Amino acid sequence: MNTAYVAGFFDGEGCVNFSYCRNSLFPRVLITNTDIDILQRIRERFGGDIKPLSLRKGNWKQGYSLRISWSKAVEFLSEIHPYLFLKAAQAETVFAWDAIRLGSGKKTLQQKEEYKDSCDLLHRRMRWLNQKGNKDTVDPIDEEIALSTARKARKGKR
């Protein structure tokens with residue numbers, strides 16, 4: 001299956017967000033459609049699991065959702081990113097999460113706090129990117145940069 005086709009299909013039928021498991025933030029990709037064959041083909045190539053959706057009305061076709069999480073979601077988005085149009089910023093937010101992700105081993109309290117703050121910021125940005133309608137607020141990352149710059153300027157004047 002052509003990577004550009006998968007990216008276009010995902011742009012139209014998918015979503016990317018963050019979820020929590022035991023206080024750990026992780027990325028999740030969902031692709032929903034009534035054609036289980038195409039979802040199975042994507043799953044064969046990229047992994048994940050397929051679940052049937054509950055029927056909303058008796059005359060509707062059965063829908064299915066392909067779910068890809070954690071590192072597999074990062075791999076999926078990395079491969080299709082060059083072809084994304086609508087969800088490129090969401091994919092880049094997942095890449096930022098992957099770049100700051102804590103590895104195994106002991107972490108200081110400060111490292112844990114900084115990681116938590118960064119994850120909270122990325123989670124807010126993903127919600128902002130995924131909100132419906134016109135965005136009448138500022139990207140949370142741009143807002144954080146402006147606040148940080150203002151704090152540094154105030155410190156410099158003291």
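Q: Is I36 buried, exposed or partly exposed?
A: I36 counts as partly exposed, because its relative accessibility is 26%, where buried means under 20% relative accessible area, exposed means over 50% and partly exposed is what lies in between, computed with a 1.4 Å probe and the protein chains only. This is a predicted model, in which local features need pLDDT of at least 70 and side-chain atom pairs count only at pLDDT 80 or more, while totals for chains, interfaces and linings use all residues. Residues are numbered from 1 along each chain as its sequence is written, and side-chain values use heavy atoms, with hydrogens and water left out.

Q: Where does I36 sit, and what is I36 in contact with?
A: I36 is found in helix 2, which covers residues 36-46; helices (H or I, at least four residues) and strands (E, at least two) are DSSP runs numbered from the N terminus. Leaving aside neighbours within four places in sequence, I36 is in contact with I50 and Y64, contact meaning heavy atoms within 4.5 Å.

Q: And how far is I36 from K107?
A: From C-alpha to C-alpha the two are 43 Å apart in space, and in sequence I36 and K107 are 71 residues apart.

Q: OK, zooming out, how many helices and strands are there?
A: The protein has 6 helices and 4 strands, and read along the sequence they follow the pattern α-β-β-α-β-β-α-α-α-α. The C-alpha trace spans about 70 × 40 × 30 Å along its principal axes.

Q: What share of the residues is buried?
A: Of the 158 residues of the protein, 33% count as buried. Among the contacts with a separation of 6 or more, 54% come from residues 24 or more positions apart.

Q: Let's turn to helix 5: how many residues does it have, and which are buried?
A: Helix 5 has 22 residues and reaches 31 Å from its first C-alpha to its last, close to the 32 Å expected at 1.5 Å a residue, where the expected span is 1.5 Å times one less than the number of residues. The buried residues in helix 5 are Y115, C119, L121, L122, H123, R125, M126, W128 and L129.

Q: R125 is on that list, so which side chain does R125 meet in a salt bridge?
A: The side chain of R125 meets that of D139 in a salt bridge, at 2.9 Å from N to O; a salt bridge is a side-chain nitrogen of Lys or Arg within 4 Å of a carboxyl oxygen of Asp or Glu. R125 lies in helix 5 and D139 in the loop between helix 5 and helix 6 (140-157), so the pair ties together parts that are 14 residues apart in sequence. R125 is buried, with a relative accessible area of 15%, and D139 is buried as well, at 9%.

Q: How many salt bridges does the structure hold?
A: The structure holds 6 salt bridges. Another one of them joins the side chains of K116 and D120, at 3.1 Å from N to O, and both residues lie in helix 5 (residues 109-130), 4 residues apart, about one turn of the helix. K116 is partly exposed, with a relative accessible area of 45%, and D120 is partly exposed at 26%.

Q: What about D98, which partner does it have?
A: The side chains of D98 and R101 meet in a salt bridge, at 2.8 Å from N to O. R101 counts as partly exposed at 29% relative accessibility, and D98 counts as partly exposed at 30%.

Q: And D11, where is it?
A: D11 is in helix 1, residues 3-13. D11 is buried yet has no salt bridge, and the nearest side chain of opposite charge, that of K87, is 4.6 Å away. Leaving aside neighbours within four places in sequence, D11 is in contact with Y83, L84, F85, L86 and K87.

Q: One last topic: what is phi of W70?
A: Phi of W70 is near 55 degrees, a positive value in a residue other than glycine. Most residues other than glycine have a negative phi. W70 lies in helix 3, residues 70-80, and W70 is partly exposed, with a relative accessible area of 34%.

Definitions and conventions: Lys and Arg count as positive and Asp and Glu as negative; His and the chain ends are not counted.
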